[in-house]
Amino acid sequence: MRTRTVLALSLFLGSMLLAQNRPPIVLQRANSLESSEENGIHKQVLNGDVWITRDSLSVTCQNAVYYPDSGLVIFRNDVEFKDPKRTLLADEVIYNEFTEEVFASNRVRVYQTDSLSATSRTARYLERLRRGFLYDDVRIREENRRVQLTGDLGYIDHDRNYGWVTGDPVLTERDSLRNLVTEIHGDTISYDQRQKIARSVGRVTVERDSLMATGQLLEYYTELKFAELLGKPKATRGHDTTAGDTMRMYFAGEQLERVEVLGH
């Protein structure tokens, strides 16, 4: 019974795509399958231990609804949306087989080995899982969790290992013992993992060791332990305050080593 169901659904789901030279959606398993039509709209409902594949894409969930005319597939409950490079977990995922767009909601988590991971309440991914926009309670972080960005809205490019956040964004950096060593605020904060560069634009605030610095543009080289602050930078350390045109901060280990101020 299950073999006939798999074959029938595979042929039915794949017929439209094969006509357009697209790889077919294939049902690998499901406890039940029900086809229906309402007001001219065809749909297929799958329940229980659902597993669907399409070329290198593998999706498992508990419930799924497929609309062949629009190319939409709605996956619900314990959704694991996986391709060879990364995995998305969520309570619900809407997938468009024609555009390869993915809209995920409720406890969205995206993981990729040796890259940035992301979590949010909802997410809209383009080109399957390569790059996407993140909404509400956004967290983008390194695999070792030493650098993390948080905010209300974010963007991530998994191929480039790059992401940014805005809406009360904060970048935190921790040491190997998970102690907080750096906290950066701004209007928009980005992080390039490959180059190990964090950038903060707008109302920038940097807290590191005993230093509090403000400005309008910050570039922080996390691996080189060096930061440059522009836009009327001002630094306060204890009872001392320093200001100028350009401020450069050098760190030794987790401690502030020295501050250089250029211009005025």
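User: What makes K196 count as partly exposed?

Analyst: Its relative accessibility is 22%. Buried means under 20%, exposed means over 50%, and partly exposed is in between (1.4 Å probe, protein chains only). K196 therefore counts as partly exposed. One caution: this is a predicted model, where local features need pLDDT of at least 70, side-chain atom pairs count only at pLDDT 80 or more, and totals for chains, interfaces and linings use all residues. Residues are numbered from 1 along each chain as its sequence is written, and side-chain values use heavy atoms, with hydrogens and water left out.

User: Where is K196, and what is its phi?

Analyst: K196 sits in the loop between β14 (188-192) and β15 (197-208). Its phi is near 55°, a positive value in a residue other than glycine. Most residues other than glycine have a negative phi.

User: What can you say about the phi of D136, and is D136 in a strand or a loop?

Analyst: D136 has a positive phi of about 70°, and it is not a glycine. It belongs to strand β9 (residues 131-141). Strands are DSSP runs of E, at least two residues, and helices are runs of H or I, at least four, numbered from the N terminus. The relative accessibility of D136 is 38%, so it counts as partly exposed.

User: Why is S117 called buried?

Analyst: The relative accessible area of S117 is 10%, so the residue is buried. S117 lies in strand β8 (residues 117-126). Leaving out residues up to four places away in sequence, S117 touches V110, Y111, R139, I140, R141 and I156. Contact means heavy atoms within 4.5 Å.

User: What about K82: buried or partly exposed?

Analyst: K82 has a relative accessible area of 39%, so it is partly exposed. It is found in strand β5 (residues 72-82). Beyond four places in sequence, K82 touches S56, L57, S58 and T87. Its C-alpha atom is 9.5 Å from that of T53, 29 residues apart along the chain.

User: What makes up the largest nonpolar core?

Analyst: That core has 53 residues. A nonpolar core is a set of buried Ala, Val, Leu, Ile, Met, Phe, Trp, Tyr and Cys residues joined through side-chain atoms within 4.5 Å. F75, F81, L88, Y125 and M249 touch the most other members. Strand β4 (residues 57-67) gives the largest share, five residues. L88 has contacts including V79, F81, V93, V102, Y125 and L129.

User: Why is the whole chain called more spread out than a compact globule?

Analyst: The chain has one helix and 21 strands. Its radius of gyration is 24 Å, well over the 18 Å that the globule rule gives for 264 residues, so the chain is more spread out than a compact globule. The radius is taken over C-alpha atoms, and the rule is 2.2 Å times the number of residues to the power 0.38. The C-alpha trace spans about 80 × 35 × 30 Å along its principal axes. Of the 264 residues, 45% count as buried.
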